Amino acid sequence: FFITAILILTVLTVIVFKLYKKNYDHANPNHRKLVLCVIVVLLLFSTFVSSFNRAYTVEYPTKDDKYAYGNYVLQLEAFVKGQIHLDIEKPPRFDQLENPFSPSERRELNIDTKWIWDKAYYNDHFYSYFGVIPVILVYLPVYMLTGRVATDPFCCYLFSMLAIVCSSLFLRELVLRYLKKANILLLCLGMATISFAGMILPMQASANFYTVAVSSALGTISAFFFFAFRGARESNTFKRCIYFFAAGMFLALTVGCRPNVSVYGAIALPALFAVLMEKETNARAKVCMVSSFVAPIFAIVGGLMYYNALRFSGPLDFGTNYQITLADVSQYELRLSYIFETFFHYFLQPFGVHDWFPFVGLSRISLGTYTGYCYTGENIGAFSFFSNITILSSLRNRRKLGNEGTAFVATSLFMVAFIAWMDMCLAGTHVRYVSDILLVVTILACFTMIRSFSENPSRIKKYAFVFLMMCS
C-alpha cells in the first residue's frame with residue numbers, strides 16, 4: 001500500500017504541475033520545496049524499510065545471538081571494558097597452528113571458528129578490522145545515553161538517511177555548477193534513482209554488521225561530496241570555511257568506515273582547485289578555507305593512525321591481513337591480470353532469474369580464470385541497472401561541459417575503475433563490494449542523462465531517460 005500510494009502521488013504531481021516541461025530554477029522557492037519533498041519521501045521510504053527490523057536496541061550485556069556478535073557490538077563491549085582487543089577466547093588447539101590464517105590448517109585440526117570468524121588475530125589477541133567510526137558515532141553514544149546496545153540495522157538506518165539527503169543534494173550541486181539548465185522531473189527522479197540503484201536503500205534493507213561498513217561509508221562520502229561542492233558554490237568566506245570543514249571531517253570519517261572508499265575524495269579536486277584559482281578571492285581567505293578543510297582530516301586520520309598503531313604493526317596497518325576467513329588474505333595482491341574479471345563482475349555481471357517476485361535478483365558466477373583464490377559471492381554488475389550504461393557517454397561534448405566539468409567526470413570514471421579493480425584483487429566479488437562503486441556510477445549516470453537532455457531536449461530522449469531511471 002505504501003509503495004503504491006507513493007507511485008500514484010508521484011504520477012499525479014508530475015501531471016498536475018507539468019514537471020516534465022519545466023527546468024529547475026534554484027531561485028524559485030517552489031522548486032526548492034519540491035526537491036525537499038522528494039528527499040522527505042525517500043527518508044520516509046527508508047523509515048518504512050527500517051520498520052521491518054526487530055529492534056533498534058537490545059539489552060546490555062547482550063543475550064540474543066542474532067544481534068550480539070557482530071564486530072561493531074563486540075568492539076563496543078571491548079571499549080566498555082576499557083580494552084581495545086575483543087573479549088574472545090582462542091578456540092581449543094588454536095595455538096598449535098603454524099599459520100592461523102590458513103583455512104586448510106584450521107580444518108586439519110578441526111578448529112571451531114564460529115566466534116573468531118572475520119576477526120583479526122594479532123599478537124595473541126583478536127581484534128575487529130572493521131572501521132571504528134560507526135562504533136564512535138552510533139554504538140557508543142547509544143550505549144552512553146540508554147545503557148543499551150544499538151543493533152546493526154539501526155546503525156544502517158541512520159547512515160542511510162545521511163546518504164539519501166547528501167547524495168540528493170550533491171546531484172543538485174552538480175546541476176547548479178556544471179549545467180545551464182536541467183529538467184526538474186529528471187532531477188527529482190535522479191535523486192530517487194541514486195537512493196535505490198546507488199545501493200543506499202538495498203544495503204539498509206539487508207542490514208547486518210557487514211553492511212554497516214558499506215552504509216556508513218555511503219553516508220560519510222555522500223556528505224563529503226555535498227559539503228565540498230556546496231562550499232565551492234558559496235561566496236561568503238565564513239560559510240565556505242564551515243562547509244569545507246564539514247567536507248574534510250566527513251572525508252576523514254570515511255577512512256574510519258571503509259578506507260578504500262575515501263579515495264573518492266579525488267573527485268572533488270577539480271572543484272576545490274577552481275576555488276583556489278579564483279581571482280576575486282584573496283590569499284587570506286584561501287588560507288582559511290584550506291586550513292578549515294585539512295584540520296579535521298589531520299585530527300581524525302591522526303587519531304585513526306594512533307588507534308591502528310595500538311593494535312597492529314603501525315599507523316597504516318588496518319589489520320585486514322590478519323583476518324580469520326576463507327583464505328589467507330595476506331597472500332592477496334593487486335594483479336593487472338584481473339582487469340577482465342573486474343570489468344565482468346563489477347560492470348557486466350547480469351541479474352539472476354528466480355521463480356519468485358520480482359523474478360530477478362543477485363547471481364553467483366565464477367569465471368574460473370582467477371590466478372589465485374577469489375571469493376565469489378552473490379553479486380550484480382553496475383550495468384545491470386540500465387540507466388548506469390549512460391556513463392559511457394559522460395565525456396561526450398566536453399567543450400560544453402568545460403575544463404572543470406570534464407576533469408570532474410574523468411576523475412570520477414578513473415576512481416570508479418580503480419576502486420573496482422582494487423576490490424576485485426583484494427576482496428573478490430560480492431554485491432557489498434560492487435556497492436563501493438555503484439553510488440558514484442549512479443550519480444554520474446543521472447548527471448549524464450540530465451545533461452544530455454538539457455543540451456539536446458527531445459520527447460523521445462526524455463521518455464527514454466525517465467524509463468531508465470524508473471527501471472533502476
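This is a predicted model: local features need pLDDT of at least 70, side-chain atom pairs count only at pLDDT 80 or more; totals for chains, interfaces and linings use all residues.
Biologist: Let us start with helix pairs. At what angle do α8 and α17 pack, and how far apart are their axes?

Modeller: Look at the angle, then at the axis distance. Helix α8 covers residues 184-197, and helix α17 covers residues 459-471. They pack at an angle of about 20°, with their axes 9 Å apart. Angles under 35 degrees count as roughly parallel, so α8 is roughly parallel to α17. The crossing of α8 past α17 is left-handed.

Biologist: Which residues make that contact?

Modeller: From α8 come Leu185, Leu186, Leu189, Gly190 and Thr193. From α17 come Phe465, Val466, Met469 and Met470. Seven residues of this contact are nonpolar, two are polar and none is charged.

Biologist: Several of those numbers are three or four apart. Why do residues at that spacing point the same way?

Modeller: An α-helix has 3.6 residues a turn, so residues three or four places apart point the same way. Leu185, Leu189 and Thr193 in the α8 list are a case to look at.

Biologist: Take α12 and α13 next. Is α12 roughly parallel or roughly antiparallel to α13?

Modeller: Again, begin with the angle. Helix α12 (residues 269-276) packs against helix α13 (residues 283-311) at about 150°. Their axes are 10 Å apart. Angles over 145 degrees count as roughly antiparallel, so α12 is roughly antiparallel to α13.

Biologist: Which residues meet there?

Modeller: Leu272, Val275 and Leu276 are the α12 side. Lys286, Met289, Val290 and Phe293 are the α13 side. By class, six are nonpolar, none is polar and one is charged.

Biologist: Which residues of α12 are buried?

Modeller: Pro270, Ala271, Leu272 and Val275 are buried in α12. The buried residues of α12 pack against several helices. These are α7 (152-178), α10 (209-233), α11 (237-255), α13 and α15 (398-426).

Biologist: One more pair. At what angle do α14 and α16 pack?

Modeller: Helix α14 (residues 339-348) and α16 pack at about 80°, with axes 10 Å apart. The range for roughly perpendicular is 65 to 115 degrees, so α14 is roughly perpendicular to α16. His345, Tyr346 and Phe347 of α14 make the contact with Tyr433, Val434 and Ile437 of α16. Five of these residues are nonpolar, one is polar and none is charged.

Biologist: What does Tyr139 touch?

Modeller: Leave out residues up to four places away in sequence. Tyr139 then touches Tyr72, Val73, Leu76, Pro134, Ala150, Thr151, Asp152, Cys155 and Val212.

Biologist: How should I read accessibility? Is Thr254 buried or exposed?

Modeller: Compare the percentage with the cut-offs. Buried means under 20%, and exposed means over 50%. Thr254 lies in helix α11 and has 0% relative accessibility, so it counts as buried. Beyond four places in sequence, Thr254 touches Ala217, Thr220, Ile221, Pro259, Val261 and Ser262.

Biologist: And Lys33, buried or exposed?

Modeller: Lys33 sits in helix α2 (residues 29-50). Its relative accessibility is 52%, so Lys33 counts as exposed. The C-alpha atoms of Lys33 and Gly314 are separated by 49 Å, and the two are 281 residues apart along the chain.

Biologist: Where is Pro350?

Modeller: Pro350 is in the loop between α14 and β5 (352-353). At 38% relative accessibility, Pro350 counts as partly exposed. Outside its sequence neighbours up to four places away, Pro350 touches Phe344, Ser363, Ile365 and Ser384.

Biologist: Last, the backbone. What is phi of Asp118?

Modeller: Asp118 has a positive phi of about 60° although it is not a glycine. Asp118 is in the loop between α5 (103-108) and β2 (120-122). At 6% relative accessibility, Asp118 counts as buried.

Biologist: What about Asp124?

Modeller: Phi of Asp124 is also positive, near 70°. Asp124 is in the loop between β2 and β3 (125-127). At 46% relative accessibility, Asp124 counts as partly exposed.

Note on methods
Residues are numbered from 1 along each chain as its sequence is written. Side-chain values use heavy atoms; hydrogens and water are left out. Axes are lines fitted to C-alpha atoms, for helices over the stretch in contact, and angles run from 0 to 180 degrees between N-to-C directions. Helices (H or I, at least four residues) and strands (E, at least two) are DSSP runs, numbered from the N terminus. A crossing is left-handed if the near helix is turned anticlockwise from the far one by less than a right angle, and right-handed if clockwise. Contact means heavy atoms within 4.5 Å. Ala, Val, Leu, Ile, Met, Phe, Trp, Tyr, Cys and Pro count as nonpolar, Asp, Glu, Lys and Arg as charged, and the others, Gly among them, as polar. Buried means under 20% relative accessible area, exposed over 50%, partly exposed in between (1.4 Å probe, protein chains only).
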